[in-house]
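Please look over the entry shown below; the questions and answers after it go through the contacts in turn.

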Number of protein chains: 2
Amino acid sequence: MPKTNRPVSPYAADSAIRLGQLIRRGRIDRHMTVAALAERAGVSRGLIQRIEAGDTGCAIGAVFEAAAIVGVRLFDAGPATMSREVESNREVMALLPKAIRSQRTEPNDDF
Amino acid sequence: MPKTNRPVSPYAADSAIRLGQLIRRGRIDRHMTVAALAERAGVSRGLIQRIEAGDTGCAIGAVFEAAAIVGVRLFDAGPATMSREVESNREVMALLPKAIRSQRTEPNDDF
DNA sequence: AATTAACGATCCATAAATAGATCATTTCAG
DNA sequence: CTGAAATGATCTATTTATGGATCGTTAATT
């Protein structure tokens, strides 16, 4: 349990917990100790524990690093294709409007 | 560009950038300004900018919160099913070994 | 083309995350 | 069953992220 926590929605909190589960599972499947994963990720043992617990305060870089090491696939792209995915999407991004003007109809809460 | 950055692997860095792209795209599709998203997520405007830029230092809770608001689907589970996904996986987790003993073949960093 | 909101970047003070050490407990191997 | 190792938890010092303000630039609308 983290010392303190900023308020987050249930979906965001659950997403962090889910990712923590995937990381823990991947680590155990690979017969790695928490300490071993921490060392390879370049972080402390305590941070790995918080990551696996789904602490929403952890830096996303540390979490993704741990995920990568234990083989958790992010956003339907493996290590080989993630870079290309990002690159090809830059073109798409370039076509989007650079600034949003009208708030139009009240922000959609439907999801 | 973030002030400072802890070293992360290309895959982790690209993953953060990819998620930032998805969030930015979702925000623009919904005609939301950066400021509007920031307010709804309960964070500062500057943080949203860093999130969309793929800054690996951002708290994962803030990133997932922004993702949720603009409708980015995480780990193949929408808001309705994420909670159940986590819950049903607790049983699976319970079956895994609680501690890892043998390093098996010492983490061979031979290459 | 002019207007003005949105954006991106930077600086500083403050709040928060992280590292590192330590201790108790659990759990696996012999 | 026993011993050693892994885990989980907690504490403090330090590093770092974040909020909030500001400024120049960009770009959408008229």
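A residue is near a molecule or strand if one of its heavy atoms lies within 4 Å of it. This is a predicted model in which local features need pLDDT of at least 70 and side-chain atom pairs count only at pLDDT 80 or more, while totals for chains, interfaces and linings use all residues. Residues are numbered from 1 along each chain as its sequence is written, chains are lettered from A and ligands numbered from 1 in the order in which they are written, and side-chain values use heavy atoms, with hydrogens and water left out.

Q: Which residues come nearest to DNA strand D?
A: Around DNA strand D there are 29 residues. Those that come nearest are A:R24, A:V34, A:Q49, B:S44 and B:A59.

Q: Which residue has a side-chain N or O atom 2.6 Å from a phosphate oxygen of DNA strand D?
A: Polar contacts are pairs of N or O atoms within 3.5 Å; within protein, one must be able to donate a hydrogen and the other to accept it, and residues adjacent in sequence count only if both atoms are side-chain atoms. A backbone N or O atom of B:A59 is 2.7 Å from a phosphate oxygen of DNA strand D, and for a polar side-chain atom of B:R50 the distance is 3.2 Å. The side chain with the 2.6 Å distance belongs to B:S44.

Q: Which side chain meets that of B:R18 in a salt bridge?
A: A salt bridge is a side-chain nitrogen of Lys or Arg within 4 Å of a carboxyl oxygen of Asp or Glu. Between chain B and chain A the count is 2 salt bridges. At 3.7 Å, N to O, the partner of B:R18 is A:E85.
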